[in-house]
Amino acid sequence: MGKPNSKLKPEVLQDLSSNTEFTEAELQEWYRGFLKDCPTGKLSVEEFKKIYGNFFPYGDASKFAEHVFRTFDANGDNSIDFREFICALSVTSRGKLEDKLRWAFSMYDLDGNGYISRK
């Protein structure tokens, strides 16, 4: 029958389907996978770097993963919950060009001042 929390609540599902480019069925599927990888419902930067590193086995992607993590972590609490994860995934995979560019810019705007600085 599955875990009791393996489905999104109807109000959360409606909110996410209104604010992402995913269908309700896709959101439920992503949620199940997220809980499988993150049973606590939160993803730490270290866990994120480990998962992210699996996609780049021939090099050290940890520094880049930290930038991606910071951009996913919309509320700045040093963890990524499902809402943050799926909203960022929606922008990067199905968003409009302008939204993708804004998201990518924010990844390189390290101090959030609206500029990309060399350091």
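**Figure 1. Residues R102 and E98 within helix α6 of the predicted model.** Both R102 and E98 belong to helix α6, which spans residues 97-108, and they are separated by 4 residues, about one turn of the helix. Their side chains meet in a salt bridge, with an N to O distance of 2.8 Å. E98 counts as exposed, at 55% relative accessibility, whereas R102, with a relative accessible area of 48%, is partly exposed. The two residues fall into separate classes because exposed means over 50% relative accessible area.

**Figure 2. The pairing of R102 with D99 in helix α6.** R102 also forms a salt bridge with the side chain of D99, for which the N to O distance is 3.1 Å. These two residues lie in helix α6 as well, 3 residues apart, which is again about one turn of the helix. D99 has a relative accessibility of 30% and counts as partly exposed, as does R102 at 48%. R102 therefore takes part in salt bridges with E98 and with D99, in keeping with the general point that side chains of opposite charge can pair when their charged atoms come close.

**Figure 3. Packing of helix α1 against helix α5.** Helix α1 (residues 10-19) and helix α5 (residues 82-94) pack at an angle of about 25°, and their axes are 10 Å apart. That angle makes α1 roughly parallel to α5, because angles under 35 degrees are counted in this class. The crossing of the two helices is right-handed. On the α1 side the contact is made by D15, L16 and N19, and on the α5 side by F82, R83, I86 and C87. By class, the residues of this contact divide into 4 nonpolar, 1 polar and 2 charged.

**Figure 4. Packing of helix α1 against helix α2.** Helix α1 packs against helix α2 (residues 24-37) at an angle of about 110°, with the axes 9 Å apart. The arrangement makes α1 roughly perpendicular to α2, because the range from 65 to 115 degrees defines that class. Here too the crossing is right-handed. L13, L16 and S17 of α1 meet E24, L27 and Q28 of α2 in the contact, whose residues divide into 3 nonpolar, 2 polar and 1 charged.

**Figure 5. A network of salt bridges among E46, K49, K63 and E66.** The four residues E46, K49, K63 and E66 are linked to one another in a network of salt bridges. For the structure as a whole, a search finds 8 salt bridges.

Notes: Residues are numbered from 1 along each chain as its sequence is written. This is a predicted model: local features need pLDDT of at least 70, side-chain atom pairs count only at pLDDT 80 or more; totals for chains, interfaces and linings use all residues. Side-chain values use heavy atoms; hydrogens and water are left out. Axes are lines fitted to C-alpha atoms, for helices over the stretch in contact, and angles run from 0 to 180 degrees between N-to-C directions. Angles under 35 degrees count as roughly parallel, over 145 as roughly antiparallel, 65 to 115 as roughly perpendicular and the rest as oblique. A crossing is left-handed if the near helix is turned anticlockwise from the far one by less than a right angle, and right-handed if clockwise. Contact means heavy atoms within 4.5 Å. Ala, Val, Leu, Ile, Met, Phe, Trp, Tyr, Cys and Pro count as nonpolar, Asp, Glu, Lys and Arg as charged, and the others, Gly among them, as polar. Buried means under 20% relative accessible area, exposed over 50%, partly exposed in between (1.4 Å probe, protein chains only).
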